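This note sets out points for a reader who is meeting the structure for the first time. Please read them beside the model shown here.

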Amino acid sequence: MTVLTTERLILRDWTADPADLARIYDIYSRPEISRWLGVAPGLPLTDPAQAVERLRIWQERHAADGGRYGTWAIEVRKTGQVVGTVLLKPLPGRDESRRSDDIEVGWHLHPDAWGHGFATEAARAAVDREFAAGSREIYAVVAPGNEPSMAVARRLGMTHVGQRTDWYGGELLETFVLTAPDADRSRTT
């Protein structure tokens, strides 16, 4: 199911189609991707069959969200190639058993898609959609040292607010925040 479209991209649900499962494995088995995903259990993937479990985790995580949140495939409209993942979801709290009220946008792109602006374009669409749904702030949390992801956050207009340990089991993360364009005006009226 298509969730969002941009000029160049389709953001859609990942599926159990063999091509999607192969791409999930190809992305999440790569050390250059998984090294930045902190203490994420089950990563990197070491067997193509694990893509089915990764998809199931994403589907279960968002089953009760009514489509508002998700872990979505980023597909290039012109070629049909899936280049990565964009996610929009409540951040897991420090104990990870409960969601916080803070909303996260994130991206994981295959190395062959780096440097084309796909992460920024996909994340911008997800952020705009979430602001339209009423959120006032959206966070990006990045592993220290992941300069390319920090650059994407800055291109989105996010402000770096330092390192925090509020989410993902207390993991130390570079934290960026973006406030809804009309949030500042509503505070002054």
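1. Pro 44 is placed in the loop between H2 and H3; helices (H or I, at least four residues) and strands (E, at least two) are DSSP runs, numbered from the N terminus. The peptide bond that joins Leu 43 to Pro 44 is cis, with omega near 0°. Tyr 168 is not a glycine, yet its phi is positive, at about 50°. Most residues other than glycine have a negative phi, and most peptide bonds are trans.

2. On the source: the model is predicted, local features need pLDDT of at least 70, side-chain atom pairs count only at pLDDT 80 or more, and totals for chains, interfaces and linings use all residues. Residues are numbered from 1 along each chain as its sequence is written, and side-chain values use heavy atoms, with hydrogens and water left out.

3. The protein chain holds six helices and eight strands. Along the sequence their pattern is β-β-α-α-α-β-β-β-α-β-α-β-β-α. The radius of gyration (taken over C-alpha atoms) is 16 Å, close to the 16 Å that the globule rule (2.2 Å times the number of residues to the power 0.38) gives for 189 residues, so the protein chain is as compact as a globular protein of that length. Taken along the principal axes, the C-alpha atoms fill a box of roughly 55 × 35 × 35 Å.

4. Leu 87 has Gly 106 in E5 as its bridge partner.

5. A pocket is an open set of points on a 1 Å grid over the protein atoms alone, where a 1.4 Å probe fits, with protein on both sides within 12 Å along at least five of seven lines; lining residues have an atom within 4 Å of a point. Grid points are joined across faces, edges and corners, and a volume is the space filled by probe spheres set on the points. Of the 49 lining residues, Trp 36, Leu 37, Leu 87, Trp 107 and His 108 lie nearest the centre of the largest pocket. E5 gives the largest share of this lining, seven residues. The lining comprises 28 nonpolar, eleven polar and ten charged residues, where Ala, Val, Leu, Ile, Met, Phe, Trp, Tyr, Cys and Pro count as nonpolar, Asp, Glu, Lys and Arg as charged, and the others, Gly among them, as polar.

6. The second largest pocket has a volume of about 210 Å³. Its lining has 15 residues, with Asp 13, Gln 59, His 62, Gly 70 and Trp 72 nearest the centre. H3 contributes the most to this lining, four residues.

Definitions and conventions. Pairing = 2+ DSSP bridges.
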